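Please keep the sequence and the structure in view while reading the points below.

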Amino acid sequence: MIELEGVPELIDPVMVAAFEGWNDAGDAASGAVAHLDREWKGEVFAALDAEDYYDFQVNRPTVWLDNGVRKITWPTTRLSVVRIGGTKPRDLVLVRGIEPSMRWRSFCNEILGFAHELGVEMVVILGALLGDTPHTRPVPVSGVTSDADLARTMDLEETKYEGPTGIVGILQEACTHAGVPAVSLWAAVPHYVSQPPNPKATLALLNRLEDLIDLRIPLGELPEDARAWQLGVDQLAAEDSEVAEYVQTLEEARDTADLPEASGDAIAREFERYLRRRDPSAAAEPGDAAYLRDPSGGLPRAPKRKPEVAGEEPPPPAASPPEDAPPEPGSPEA
């Protein structure tokens, strides 16, 4: 039994997760969850035991000084909760960590144990991959699920991917086997400018998350950071004629592929987002700072239970882009 004495009964909770590593090109996905945690002042209520899941020679702990006292921060995955105010209050359970080095099935079972005890209605897993996409165009974000009914009702793609996968793909399948609705949102990051951070991709993921769960997310300085990032890449590309020519080629391919999207659903989504941001009554407000009854309490752990995922593939090298998102338009797999 999971002891969650510091967490009250949640309102229509949705779990949003992201993991640093192979599924996090440009730190776009982990940056999105970090933004939610920061803007809504999330309070950590649980953490997984780092000894169970991480190779400390791969993800090393860090030593730091706190008023002259040396302390250690261990690589792990933490869960926090935020209550979003407004006319229709609801809660988000934020899961932010590092892709585990081992015991992926047990890792997913722990996450699902918390989801079960908290009454989570849906799990949204954020990811980012390297792709042949120009930095000058809107960031493509694909929404995929393994649930055919969910794909139909939420206008998502039903994943047909076969091949090596990361923790995003494993956790989504674990949710499916446990009967928990799960969606993965994937942002495509230009492979020629993959260094983190990528605020433009983070912003695109948050916009897609807004549409998916019908929630207004305060963006803070993120839009300005995204514009500054694009201007910086523009300047770097202008200094190299070969890069500039390559970017132009990607732009032409992208514009041709996206021509049907210039009207219809794409415009409708942007208009709905515009109206949502103009409506003061829809504004999401941070919850009470004392939201958790006992935020200083211990970090409970979930039991090793819930259905296991059939099969587990070893993660590919970190230099390879994740492949469990749908192929980019125009690719041989598309």
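Helices, of at least four residues in H or I, and strands, of at least two in E, are DSSP runs numbered from the N terminus. With that numbering, Lys41 is found in the loop between α1 (28–39) and β2 (43–47). The model is a predicted one, and the points that follow are grouped by topic.

**Backbone geometry in loops**

- Although Lys41 is not a glycine, its phi is positive, at about 50°; the residue counts as exposed because its relative accessibility is 59%, where the cut-off for exposed is over 50%.
- Asp214, which is likewise a residue other than glycine, has a positive phi near 55°, and its place is in the loop between α6 and α7 (222–238).
- Asp214 counts as exposed because its relative accessible area is 55%.
- The peptide bond that runs from Pro196 to Pro197 is cis, with omega near -5°, and Pro197 has its place in the loop between β10 (182–190) and α6 (199–213).

**Helix α6**

- α6 has 15 residues and reaches 21 Å from its first C-alpha to its last, which is close to the 21 Å expected at 1.5 Å a residue.
- Of the 15 residues of α6, 14 are buried, and the helix is thus described as mostly covered.
- The residue that follows α6 is Asp214, with its positive phi near 55°.

**Aromatic pairs**

- The structure holds five aromatic pairs, one of which is formed by Phe19 and Phe107 in an edge-to-face arrangement, with 5.7 Å centre to centre and 65° between the planes.
- This pair links distant parts of the chain, since Phe19 is in strand β1 (residues 14–20) and Phe107 in helix α3 (residues 104–118), 88 residues apart; both Phe19 and Phe107 are buried.
- Phe56 and Trp74 form a tilted aromatic pair, with 5.0 Å centre to centre and 50° between the planes.
- Phe56 counts as buried because its relative accessibility is 19%, the cut-off being under 20%, whereas Trp74, at 39% relative accessibility, counts as partly exposed.
- Ring pairs also link Phe19, Tyr53 and Phe107 into a cluster.

Key:
Residues are numbered from 1 along each chain as its sequence is written. This is a predicted model: local features need pLDDT of at least 70, side-chain atom pairs count only at pLDDT 80 or more; totals for chains, interfaces and linings use all residues. Side-chain values use heavy atoms; hydrogens and water are left out. Buried means under 20% relative accessible area, exposed over 50%, partly exposed in between (1.4 Å probe, protein chains only). The expected span of a helix is 1.5 Å times one less than its number of residues. Rings of Phe, Tyr and Trp (its six-membered ring) pair if their centres lie within 6.5 Å; planes under 30 degrees apart count as stacked, over 60 as edge-to-face and the rest as tilted.
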